[in-house]
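Here is a friendly walk through one model, with a look at its charge pairs, its strands and a patch on its surface. Have the sequence and the 3D view at hand as you read.

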Amino acid sequence: VAVAGKIKKVVLRNFFCHDHLVMELNKNVNYIVGRNGSGKSAILTGITVGLGARAATTQRGDSFKSFIKTGKATATIEITLTNEGPKAYEPEIFGNTIKVIRHITQTSTNITLKGQRDNVVSKKKSDLDKIVSALNIQVDNPISILNQKAAKTFLIKPSSSTLYALFMKATQLEIIGNNYKEALDVSKETHMKLKQTGEQLENDKREMKEIEEKIKAIENLQIERDECQALECEHRWARVIAQEAAVDTAEKVVHLKEKAVEDLIMQAEKDYVEKSKEIDTTIDKLSQKIVEMEEEALECEKSRDNIKREFDAKKEELSIKEKEQRSIKVSIKHTEKNIKELTEEINRLEAVSGRADKERAQLRERLTKLEEDLREIEGMVHTTTLDHTHVDSDKIRLENEERACRSEVARKEKLLNKLDGELRNLSHQTGNSLQVFGRNMPRLVKRIDEECKKGRFREKPRGPLGAFIKMRDSSWTPTVESFFGGTLHAFCVDNSSDAHLLSKIMKEIYDNTNERSPEIICSKFINRIHEVNANATRTDKYHNILDLMEISDPIVANCLIDQRSPESILLIPTNAEAVALLQNIENVPANCRRALTKKGDTYFPDPNFRTYGGRVQPIAKYLQVSTTEVIQHLNREIQNAQRDLNDSKQQLIAIRQQLSKSTAESHNLMSKITQLRNLHTKSNAKVEELRDKIADDDVAGDDRPHFINRRAEDQAKLAQDKIKEQQIDQQVEQLQHQVNEIGVKLNNCRQTVNGIDKKINPLKTRIRKLQEEKKQCQVLKQQTDIKLTKARASLQQAMTDAEIQKRAMETYMTEAEKYSTRIQTNRSPDTITSLIRNKKALIVSVEKKYGSRDELEEQLALKKSKCRDIDEIFQALKVTNEEHMIRVQNRRKEWKDMRAEMGERVQTAFSSVLALRNYKGSLTIDYNDKTLVLDVTPQNTTQRQKNETMTLSGGERSYATVAFVLSLWECTALPFYFLDEFDVFMDKVNRRMIMEILLEHTKEHPQSQFGFLTPLDASIVRSDSFLTIHRLEPPNRT
């Protein structure tokens, strides 16, 4: 009959000394032979571990990783079990075999369960435990697998306590005894709880009795409560009566306010409407009179305007003639004065003697010479001034060049100092890659780490962002750096609180330094990169910026995507390729917002195609750059900057020398110009002086005829002006008479108009007063309307109050009718309230002493319910515990009976095995001292005083111990048994005899599988279908 649980096949990979061991086991007997170190014991360890045992159970190590072969990383154990017969485990799932695979790594182990078709059924350790339990496999039971260490202990020096432990484990009595003790402990614990529950029930019953006594005492307060209820009913009706009086008062107020509103309406009608009509009638009459007078005044105005125009015309004509009169008079007066002056000058000239002609000739000759000298000086001044202008222009040019060169030198010195500072900082911290982002960046990152350890940040800030980026194609790194710019130095934070804290840290570090603090970007942290494929641009030939970057942190990637959208920026190597791809909308890739070239030029695609020039650094400064590379680059930049600075300084020196020379030349020319101008001024003064003298002489000799002619002309003009004066005087007199006559007419018209105005003004004043009176009436009406509005509002409020009082009365009455019929009372609600308060105070004082009856009854009900529930549980638990105690006692009796029966069976089997060699012996078990003593008497020996196994020879002792193991086998029914090195201490006779006995036992128990492991030769057994000999290769000692 097929039996489930036997081992069909064992495969070990990298397990102890085995690289790859495959062993097909006989279902009956397996004889495994191999020299020490060949891996016999490793097979038993593999079976033990593979079927779920702990590492310590094997007694060959405390952890599974110690079982892995030296130099290997993992090990695998594969055990195939038979799954046939009536005890097969879920054969419909697994089939006829169950394959257990245990994989061991340096840190963990895992189990895989497969069926006959090599299908994976489970990977749970709990499922393996179920299979082992169902098939009665006991790998931790030494009677099933007696390993090398346990075999030596039993065979060399088997102590009574060791034999006892073996007996208890082999027969499962130890497990049964432990179960009994656990059940007994549970019963004792339950008994203690029952005792505590009983005491609690007694306490609750005493408390219930006290509560019932208090309720009885409180029942005497019922009379007071009834009186209190009666007062409460009276109080309700007293409120109704008081509210009815309030309603009557409110209705009277409403009636008075309605009358006040009617009176105000009548008064407004009388005071405004009638008086307003009377004023309007009077104003109409006065307005008609004013219109008539204004028409009369308008006619006078027209006449006055005509007269005024005539008056103004005559007056203008008179004014012109008077001007002519004054002008001719002035002319006559001026002419008479001129005649007098000319006569005096003629007389003076006749009296003066003339100068000599010789003196005049000398003066003219001297004047000619001075004028020639003056012209020569003016030429010299012009030439020198022109030279000075040229020198000044050159000087201004040199000054501008000197300023520009000086600025360039300062700029280059500043750049050189900056590069020197960066080089010094990087040289001090060559191992810190953050130094490339600025000399304060490592300090900033360190401060952020410190604050994170203190828990002040909700989420650790990420930055600088450039430190998280690597480029897949380094040739594009300078272009990408130019695109992101200052964003590479920025930090990303999760929330505004973290941003505020980071800002304070940056201020602490970057204040008082020349370095600019990084930008802070606030963006919610998401631990997965945004899905941007739908918005990304790319072609078969060109990639976008995001594709060429490896970003180690998804938060940094999301920040860059949100800020700069790198997935939509296309990278095209050359300008020609960019133009060919982007200038025609048909060629533009989807989602392409712009493109960058390696030179840094930017292209925007059609339909808005345009381009902007750019510039990039020749090498990268931040992305994927080591401090060594940056130092080398800085050294090159410093050399170039120093060379440029020296060239600029030499150029500045040359310019300053030229400027100094030009300044000196300009100063000399200016001095010469000043001297020439002074000489020119002196010469010009002499020339003018000579010209004046010559002119005076010329005038003195030629002006007398001229003055005589002018006097004659003035005398003739004077005679004509006097005639004209007489004519103008007559015309002025006539015009003055006409103006006076027209003025009289104009004055009469003015008086007529003024008279009409004087009559109209009182009428207009009267109309204004009437209008003011009407406005006053309107003001009075508005005041009356305001009073009326207030009166109506007051009436509405009074009606609302009355309605509220009515509703309150109805509410009070409804409430009162719920409790009693109408009660007539003269007491006020306050008086009744005071009486109720006194009654309740009396009740409360009593209840305070004993408690509220409702509360006490509630407490009593809760106590009764609780006691009832507890009592039910108590009784049920008591019955259950009694039944449990009976089961425990029965289990104890059965355990003792089983222990006695098992002892007898082992004793019988032990004696039977000893009798095979004509030995005699007994087996004594002391369950109190936990010892098992074997008494053995070999054949043909005299009686010994002590027949314990310790007095036997090594072979006899081994035989006795094996006989004990066989007796235990007789009392158990396991699927397999294995013995390791059981015969190493036996002589050949005992070894042969024991093997014959063991083989005989295996034939009598074909339902079990047996395995014997030995380092000795296998000549004492022969291989057949019932027994298979497995020979292991000798160990490699090299």
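A residue is called buried when its relative accessible area is under 20%, exposed when that area is over 50%, and partly exposed in between. By that cut-off Arg 462 is buried, because its relative accessible area is 17%. Please keep in mind that this is a predicted model.

**Salt bridges**

Arg 462 has a partner in Asp 553, and the closest N and O atoms of this salt bridge are 2.6 Å apart. The two come from distant parts of the chain, 91 residues apart: Asp 553 sits in the loop between strand 13 and helix 12, and Arg 462 in the loop between helix 9 and strand 9. Asp 553 is buried as well, with a relative accessible area of 11%.

How many salt bridges does the structure hold? There are 35, and the table shows some of them.

| Asp 553 | Arg 462 | 2.6 Å |

**The hairpins around strand 6**

Strand 5 (residues 97-104) and strand 6 (residues 109-114) run antiparallel and are joined by six bridges, with a hairpin of four residues connecting them. Val 100 has Leu 113 of strand 6 as its bridge partner. Leu 113 also stands opposite Ser 122 in strand 7, and strands 6 and 7 run antiparallel with two bridges.

The hairpin between strand 6 and strand 7 has five residues between the strands, and Asp 118 in its turn has a positive phi of about 65 degrees. Asp 118 is partly exposed, at 42%. Asp 118 lies in the loop between strands 6 and 7 and Lys 99 in strand 5, so the pair ties together parts 19 residues apart in sequence.

Elsewhere, five strands make an open sheet of mixed pairing, in the order 12-14-15-16-17. Strands 12 and 17 stand at the edges with a single partner strand each, so one side of each has no neighbour in the sheet. Strand 14 and strand 15 run parallel, joined by three bridges, and Ile 569 stands opposite Arg 594 of strand 15.

**A positive patch**

On the surface, Arg 366, Lys 682, Lys 686 and Lys 693 gather in a patch of positive charge. Helix 14 (residues 627-702) gives the most to this patch, with three residues. Arg 366 belongs to helix 8 (residues 357-428) and counts as exposed, at 52% relative accessibility.

Conventions: Residues are numbered from 1 along each chain as its sequence is written. This is a predicted model: local features need pLDDT of at least 70, side-chain atom pairs count only at pLDDT 80 or more; totals for chains, interfaces and linings use all residues. Side-chain values use heavy atoms; hydrogens and water are left out. Patches are made of residues with over 30% relative accessible area and no salt bridge: like charges are joined within 9 Å, nonpolar side chains (Val, Leu, Ile, Met, Phe, Trp, Tyr) within 5 Å. Accessible areas come from the Shrake-Rupley method with a 1.4 Å probe; for residues, only the protein chains shown count as cover. A salt bridge is a side-chain nitrogen of Lys or Arg within 4 Å of a carboxyl oxygen of Asp or Glu. Lys and Arg count as positive and Asp and Glu as negative; His and the chain ends are not counted. The place of a charge is taken as NZ of Lys, CZ of Arg, CG of Asp or CD of Glu. Buried means under 20% relative accessible area, exposed over 50%, partly exposed in between (1.4 Å probe, protein chains only). Two strands pair if DSSP finds at least two bridges between them.
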